[in-house]
Amino acid sequence: MRLPFRRRHAARSRPMSPISLILTLSSLAVSPAIALSFTPVPGANLDLSQLGRVALAGDFSGISLYQFAEQNEQPFSTNGSESLLARMPNGAFASVVSTDASIQTMCSFTMGDGSMAGVILGGNFTRVGNSQSVAMAMFNPNTSQITPLPGLSGQVNALLCDQDTNSVYVGGNFVGANSTNAIAWVGTQGWTNLPFAGFNGPVTSISKASNGHIIFGGSFTGLGNATAPSTPDGQIINLSTASITSGSSIATQGFSDPKNITCKTDGAGGSGNTWLLQDNTPGFWQATFQFGFQPTKLRLYNTHQDGRGTKQWRFTAMPINGIMNFTYIDPATGQNASCTSECPLSNDSSVKFQDFHFVNVIGMNSFRIDISEFYGQGGGLNGIELFQDNIFAYAINDFNEPTCANLRFGSASTTTGSWAVTPSQSSTSEYLTAKLTSPITESSASIVFTPDLRESGHYSVNLYTPGCLQDDSCDTRGQIRITGQMTANPTEETSVDKTLFQTNNFDKYDQIYFGRIDASSDSFRPQVTMTPLAGQSLTNMTFVAQRVGFSLINSTGGLNGLFEYTPGRAVNISDFTSSAFNRLGATFNTGSAVNALATSGDITFVAGNFTSPTVRNIVAMKVNDAQTEALDGGLNGEVESMFLEGTSLFVGGKFTGTLDNTTQGLDNVAVYDTSKNTWSPLGAGVNGKVLRMVGLTMNISSSTPEVVVSVNGDFDQLQAFGNNSAVSVAGFGIWVPSRGNWMQNVKLPVESIDGILSSSVLNVPGGEPLYAGSLSSSTLGVSGVATVGNALGALPVDIQASTASAGSGGLGKRDIAAPGTALSGVATGIFDTKNGRNNTILGGHFTAKATNGSTIRNLLVLDGSNNNDVTGIGSDISAESTFVALAVQGDVLFAGGNVTGSVNGARVNALITYNLASKSFNTQPPSLSGGNATVSAISVRASTGDVYVGGSFTSAGLLGCPGVCYFSTASSQWIQPGQNLQGTARTLMWATDTLLVAGGNFTVNDTASAFLVQYDTGRQTWDSYPGSNQLPGPVTALTAGTSDGRSIWASGTASNGSAFLMKYDGSAWQSAGQYLESGTVIRGLQVFSLTSSHDSTPTVESNEVLMLTGSIGIPHFGSASAALFNGTAFTPYALTTNSGNTGGTIARIFTEQNNFFSTGGSNLALVFIVLIGLGISLLLMLIIVVVGLLLDRLRKKREGYVPAPTSMYDRGSGITRIPPHELLESLGKGRAPHV
């Protein structure tokens, strides 16, 4: 059990030692700047050179190629946890370090000597990375090291890093050292109390004015700190439920039980009321509790039984094993006295009890009273009581004030539902746990906390939540709702209604109320009710309840949400009005709150929820002349957040226009030009409250990043304006100032970002910007289809993002090939280049915009030869249709799926045809019917042009044709291929021109069941595919494993629900040998050639790789929308995101050419080809000449040829002259001249 932290007194929150601080901060100081690094992964090395255009089709709003190990497909967190984020080189966000709750604020801390200490994080977290770190931590961007900054308990809302004073000013709802809600971290000194005791309410914003003064904004009415009630020691610690033990107790019946003296306040002795020690023997009395406490007073009732009594004792606190110091009034002299290890107890029978006050208030969960001296024959006691100032109401009633104390309004709790006690482990006390199952409602379980409040006043009410790591419940913790009424007259103060997360890793508390509370009376009891938040998507929820604390707040008064502090100067609480900011706050109405501050030059902007005679909710203060500017009277609703960029002040909250009506249509977001003093809308605003405005950088139109503004809040639409339609969102939008538009409307190749962005630091010295929040992001924001080449690209089509419901992420996505299955996005596509066309055709279940502005549903044609004209097929086909299979034969498009409609007055079902040349419907083939009446696959036989169709149907028109049927384009009629097949086809593939392979669930010859069959066009019969009985389930995806079709890959879902992947090598089936995670859905397979080889394996050639598309659960990685398999391991290839915080899917990859088994290279210029040819020709000629010479020499040698003499002697002596006429005469004869 962990001891309770302190709400006051310095003993609990000691600052770090100077030496440790110096070592800590020196380790964080910047040497040469080193950017955050991310881990590149090997490239895919796909050879796309022979494929023409390549595209990925699916259901996604963003897509990334897998380039860095930090990438993943996880949706953004919705359980309250966040991360420190940074941009990877490909533009996507990656988590640098995670927290168990929100990071509310950050700042970059450069110390007074110019060294970079780090980036300070503040929030309501209890864990950063793997370290326990409550509310504050420091991050070193050069080493990625996290340094916890212990000493605070609670939540940090605001930070200001100030190099001039070498300080970080911290504001929020917390306690630390002797401060409440405001404190400073100073250079190498650590936590330092400001010259005032903090504030009596939470601080929400801090800014530095142009005069160097620090401005605090929040919900406070004065400087102040937690204080004890006017009647201290009023809360009784329950001893009656503690575990009581003793040492050296007397054996006499009625006096041996140490429990005799608990819950005894009348001082009466005797059997059953007195506890005695053995004769002449020291002993002890000990109490051990299942909760922690901080006692302030001990009351002892001495015994006088048979002349016995305790004379000297000491009090030891555990588990610290510390002997406590006390002050008391000596009953004999009436004087104040103190004691430690030898505390006296009076033997005067007229003294009913003695009170001993603790000098140091510390936490403990057990204590022991050792009796060392005694009166008479031995020591003993008639009673004991323990008191504290802290006011708690515990979930476990045994920890509340004892019923035997007969208190009129003692603390208590009441529960509904099934609760169990959970051991405290590392928490401050045991707590209650309720295990809930869906549907989660507020009536699933509840608990009502009722405190013992004896005086009315200003209180801070805090809910304490045990961490989830100790009971291993982090995965099932959820959200709770807190309600309550704090005043007898509900009109005096706002009632409590708050939602919180219970996903904290370690113990924490949240302030759930700050304001006046009336004391308990016969007619009113303040109460806090805690229930689960209804409607959560959790299947199982762990709901915990521990305690609620009530802290009385002392206040100087005189403030109202604003305070100006001059660093280095003492605070004069009697002269608040000397500050223009303090005077401004004084003009605000009661109950005002300042939510945001921003400084631009000489002007500090103040925004929140306040009203004064001249301004409302936002005002500007000119520091030099202490004058205010009303900004058109302010805004007509609360401002929650501001972000200043240059001369543009972006403002978010709950408003519709300026108070003087000069500017309307602002709708919860606006921008104020500080140079022109004018308001402007952001588009037409959003349809709900904005909670955060945070800056971030993006490459919008060049390689130079520009600042854009993220908008988070309780809205679901970016409202329509100008030529921009309304955009459905999930509480997140990005405004691009340079374009005057939302990023969702700007059709640019930029990142896709969604989630929660709570804070940012754009000016990290020597480093890249850092962000805080919970985001999902992709390299390219594009819906439904993306091109693949040197990089990802977008087609010139406007497909609207699907509107999947939030929270349905994970691997278990819909099977796009399943007949009759509803789905969203682009399910299939083809490039049509026949007869001189340049069409890209997309099918699925989506909405898109045509070039003429009309709406396209589910089937789209992009004509690249006609200025990328985008058209649909009209409104004859039902908008509820889904196309999952496409093929083009001649000029005719065959499109199938779950399709219904009416064409030219004739009903169509499952399949339609459309003439791409005339852009009109043909006479339709007779409709398919029976089964689910859906088409899952279409494949054209190249040699005949016959169109084979597979799916869930039994008839084509009047022709019985179950599962697979083909449409003869020559005779325009349906024909049944073979007579011996029944069942449902899911996928088709031509292995050769005469052999069709079909996957699904079939019966062959009315007897044999098979998941894979083949059709021989020559024999016109179906057979089970060789070895198909080894397949564990229906085959839903096929692809050729070799160019001759003798080898194939097959995948599907086994009978146990797992995905399988197998290869037939021409003689036998082989498993991939690697498992995929549960929930995997394989929607497409394709073998690719590679530009760089890997090790050869029995299933995959060294120059090839298999791509799987769908939702692929890769072991030790998670989900990927496309993965590569090299025969030994799966690696991610493409990752997607989708709207509604769901993971995306890739249905298939489609290409212009199908040359998957030929490796290409770069084409040489014609001149180089000619030169190479000439070179080869010359080389061949040279070889021929050389060979000829060698052969001639060999011939002469065989014929006895002797070389002619070469000396002049030989040449002259052997010559016989031949007359010319004899030589000439011999030319005409058929022989050689005679020599």
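Arginine 299 and glutamate 385 meet through their side chains in a salt bridge, with 3.7 Å from N to O, the term meaning a side-chain nitrogen of Lys or Arg within 4 Å of a carboxyl oxygen of Asp or Glu. The pair links distant parts of the chain, 86 residues apart, with arginine 299 in strand S21 (residues 297–302) and glutamate 385 in strand S29 (residues 380–388); strands (E, at least two residues) are DSSP runs numbered from the N terminus. This is a predicted model, in which local features need pLDDT of at least 70 and side-chain atom pairs count only at pLDDT 80 or more, while totals for chains, interfaces and linings use all residues. Residues are numbered from 1 along each chain as its sequence is written, and side-chain values use heavy atoms, with hydrogens and water left out.

**Salt bridges**

- Arginine 299 and glutamate 385 are both buried, where buried means under 20% relative accessible area, exposed over 50% and partly exposed in between, for a 1.4 Å probe and protein chains only.
- The whole structure holds 27 salt bridges according to the search.
- Glutamate 638 and lysine 689 form a salt bridge through their side chains at 3.9 Å, N to O; glutamate 638 lies in the loop between strand S46 (627–629) and strand S47 (639–645) and lysine 689 in strand S51 (residues 689–698), so this pair ties together parts that are 51 residues apart in sequence.
- Glutamate 638 counts as partly exposed at 22% relative accessibility, and lysine 689 counts as partly exposed at 25%.
- Through salt bridges that share partners, Lys297, Arg299, Asp355 and Glu385 are joined into one network.
- Aspartate 370 and arginine 368 form a salt bridge whose closest N and O atoms are 3.0 Å apart, and both of these residues are buried.

**Nonpolar cores**

- The largest nonpolar core has 71 residues, of which Leu298, Trp313, Phe315, Phe326 and Phe367 touch the most other members; such a core is a set of buried Ala, Val, Leu, Ile, Met, Phe, Trp, Tyr and Cys residues joined through side-chain atoms within 4.5 Å.
- Strand S20 (residues 283–293) gives the most to this core, with 5 residues.
- Another core, of 24 residues, lies apart from it and has Ile63, Leu65, Leu1090 and Ile1146 among its members.

**Aromatic pairs**

- The search of the whole structure finds 52 aromatic pairs, counted where ring centres of Phe, Tyr and Trp (its six-membered ring) lie within 6.5 Å, with planes under 30 degrees apart taken as stacked, over 60 as edge-to-face and the rest as tilted.
- Phenylalanine 199 and phenylalanine 216 form a tilted pair, at 5.4 Å centre to centre and with 50 degrees between the planes.
- Phenylalanine 199 lies in the loop between strand S14 (190–192) and strand S15 (203–208) and phenylalanine 216 in strand S16 (residues 214–218), so the pair ties together parts that are 17 residues apart in sequence.
- Phenylalanine 199 is buried, with a relative accessible area of 0%, and phenylalanine 216 is likewise buried, with 0%.
- The rings of tryptophan 735 and tryptophan 742 form an edge-to-face pair, because their centres are 5.1 Å apart and their planes stand at 80 degrees; tryptophan 735 and tryptophan 742 are both buried.

How values were computed. Helices (H or I, at least four residues) and strands (E, at least two) are DSSP runs, numbered from the N terminus.
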